[in-house]
Amino acid sequence: MGKIITDFYNGIETFKELLVTALDNGTVVFDRWSDQTTQFVLEAWNSRSIQSTQEGLHLAWEQFMLAWLQTKYTFQQDLNLFVDALQSKIIYLTGNSLNRSHVYIGFAGLFVGSGVGFLIGISVKPSAITVTHMKAASATSYNGIESISLLEDVVTPKITESNQVMIMVRAAALDPMDILVASGYGSYIRKFLMRHTLSKSIHREFPLILGRDCSGVVIDLGSDVRRDININDEVWVSLPPWSPSGTLCETIVVPDKYVGHKPRTLPHEQAATLPYSGSLAWLAVFQTANLNPLSAIDKKIFVYCEDTGTASIIVQLCCYLKANVTVACPNRVCHFMKYLGATTTYETESSSIDQLLSTAPSGYDYVFNTAGELKSNLCKQLCSITGLVVTIGPHRLPSDTYGPVQGFFYMLWLKFVYIFKGNKCWDHYEFDSRILNELSSMADDYVLKPVLDKTFMEHELERAFKHVESRQPIGKVVMKFSNLNGPTVMTPRPSGLLF
């Protein structure tokens with residue numbers, strides 16, 4: 001045991017000696033390296049290139065100081081001349097004797113005052129940007145009528161383009177198209193417009209404000225809006241279904257293309273029934289069918305009434321052109337269509353095709369189909385060989401059924417066509433202010449009468465859309481906002497009230 005302890009201590013002593021030897025050798029090596037490094041640095045510092053660099057820096061510094069002194073001297077001279085001239089001018093204007101000290105004191109006060117003002121300015125917190133909100137009937141998804149609700153925190157739109165008009169909505173109409181839009185109608189085209197063309201300020205697809213038309217008052221204008229539109233003008237609006245934002249809200253911002261002056265003889269809730277349905281009817285009668293007061297006289301015209309809002313206006317326009325109008329409509333609407341001027345009416349619930357052809361055995365010259373593709377075959381059978389079928393219902397948009405891959409390539413194609421050809425290949429609704437002005441003139445001349453079914457307040461939104469979905473309205477359903485008229489409760493009007 002003692003031998004083991006002795007060996008252990010001997011090992012420790014040996015390790016100490018080795019450690020001391022290593023430290024001594026390391027110190028010698030470090031000192032030698034330090035001396036060599038110091039000598040190298042001194043040789044480099046005293047070398048000719050370093051000395052040249054030092055001389056160049058010293059010369060540059062002397063030149064800089066000389067230039068600074070010259071500039072300072074010149075500035076002092078110019079300042080003295082300016083002060084003398086200013087002093088002379090002040091003495092000339094005021095007649096008071098001033099010396100250089102007075103001028104310097106004045107400048108000192110100016111700089112001190114500016115400094116104090118600057119400090120006060122940076123210490124005052126800027127007011128927060130005010131973001132106003134509004135009520136809007138919106139779709140929160142593409143789940144149909146179940147996704148429609150009244151939102152009270154929708155951001156009020158602002159004018160972002162020079163041709164836009166801001167309008168305070170007084171009354172807006174509900175249309176069956178709004179339910180289709182809430183189910184996804186035109187969704188791909190709407191996304192394209194949000195990203196590339198219209199309404200670039202709209203970054204989200206939802207909530208999607210519904211509504212195709214309205215009547216209201218202009219409250220703001222872009223810089224390049226048509227000259228016939230001014231602030232406080234009473235106007236009405238008609239928007240195509242693919243518009244990124246609708247009219248069922250308190251404030252809208254739309255291009256002036258879709259804005260026209262409302263009829264002077266109509267209040268807002270009656271005027272709101274005409275723009276969208278009236279534009280569809282006007283395009284169908286005067287553009288697609290190309291009817292006019294000469295060509296329409298005694299023509300046999302058939303109107304298949306599914307959308308009573310549009311069909312009632314088509315009947316009025318055709319009767320105004322002295323045509324012979326036959327209407328197929330639900331039983332509850334027959335008497336009303338005769339009141340509008342229809343020569344003959346048939347009930348769609350019970351009439352056969354032979355009965356419908358009884359007033360025109362060889363077929364009708366023009367057939368207006370407001371039921372869309374559902375009744376296209378029937379309408380073709382009712383049309384004569386040389387006649388024309390005009391479909392006014394929603395046009396089918398194949399893009400609404402595209403999957404992700406097809407949708408991606410369709411988006412690229414839309415962008416290409418729009419940028420390089422300027423062609424809106426999707427635009428089946430060529431709405432513009434010219435049509436709205438024509439409708440306004442007809443309404444003021446009592447040629448065109450609005451048909452208002454019921455008026456609802458915004459808190460009755462759900463009931464209003466269920467009423468539209470039931471297909472029971474005769475004419476249009478209108479919504480008003482309570483903040484425009486106080487707490488007055490509006491009682492729904494009887495169905496089919498004609499003004």
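Let me begin with Thr265, which touches Ala443, Asp444 and Tyr446, residues up to four places away in sequence not being counted; contact here means heavy atoms within 4.5 Å. Thr265 sits in the loop between β8 (259-261) and α6 (268-271). Helices (H or I, at least four residues) and strands (E, at least two) are DSSP runs, numbered from the N terminus. At 36% relative accessibility, Thr265 counts as partly exposed. On that scale, buried means under 20% relative accessible area, exposed means over 50%, and partly exposed lies in between, with a 1.4 Å probe and protein chains only.

The model is a predicted one: local features need pLDDT of at least 70, side-chain atom pairs count only at pLDDT 80 or more, and totals for chains, interfaces and linings use all residues. Residues are numbered from 1 along each chain as its sequence is written, and side-chain values use heavy atoms, with hydrogens and water left out.

To return to Thr265, its side chain is joined to that of Asp444 by a polar contact of 3.1 Å. A polar contact is a pair of N or O atoms within 3.5 Å; within protein, one must be able to donate a hydrogen and the other to accept it, and residues adjacent in sequence count only if both atoms are side-chain atoms.

Which residue meets Asp444 in a salt bridge? The partner is Arg264, at 3.7 Å from N to O. Because Arg264 lies in the loop between β8 and α6 and Asp444 in helix α13, the pair ties together parts that are 180 residues apart in sequence. A salt bridge is a side-chain nitrogen of Lys or Arg within 4 Å of a carboxyl oxygen of Asp or Glu. Arg264 is exposed, with a relative accessible area of 73%, whereas Asp444 counts as buried at 14%.

Tyr446 has a positive phi of about 65° without being a glycine. Most residues other than glycine have a negative phi. Tyr446 is exposed, at 60% relative accessible area. Asp298, also not a glycine, has a positive phi of about 65°; Asp298 belongs to the loop between α7 (275-288) and β9 (300-304) and is exposed at 63%.

Let me turn to the other salt bridges. The count by this rule comes to 11. One of them pairs Lys476 with Asp213, the closest N and O atoms being 3.8 Å apart. This pair links distant parts of the chain, with Lys476 in strand β15 (residues 476-480) and Asp213 in strand β5 (residues 213-221), 263 residues apart. Are Lys476 and Asp213 buried or exposed? Both are buried. Another salt bridge brings together the side chains of Lys262 and Glu234, at 3.7 Å from N to O. Here Lys262 lies in the loop between β8 and α6 and Glu234 in strand β6 (residues 234-238), 28 residues apart. Lys262 is buried, with a relative accessible area of 7%, while Glu234 is partly exposed at 40%.

Next, Asn369, in strand β12 (residues 364-369). Asn369 is buried at 0% relative accessibility. A polar atom of the Asn369 side chain lies 2.9 Å from the backbone nitrogen of Ala371. Beyond neighbours within four places in sequence, Asn369 is in contact with several residues, including Tyr304, Lys375, Cys379 and Thr391.

In α9 (residues 331-340), Val333, Cys334, Phe336, Met337 and Leu340 are buried. Gly341, with a positive phi near 125°, follows α9. Phe64 lies in helix α2 (residues 48-94), and Phe64 forms a nonpolar surface patch with Trp61, Met65, Trp68 and Leu69, with about 570 Å² of accessible area together. Patches are made of residues with over 30% relative accessible area and no salt bridge; like charges are joined within 9 Å, and nonpolar side chains (Val, Leu, Ile, Met, Phe, Trp, Tyr) within 5 Å. Accessible areas come from the Shrake-Rupley method with a 1.4 Å probe; for residues, only the protein chains shown count as cover.

Finally, the chain as a whole has 14 helices and 16 strands. Of its 499 residues, 41% count as buried.
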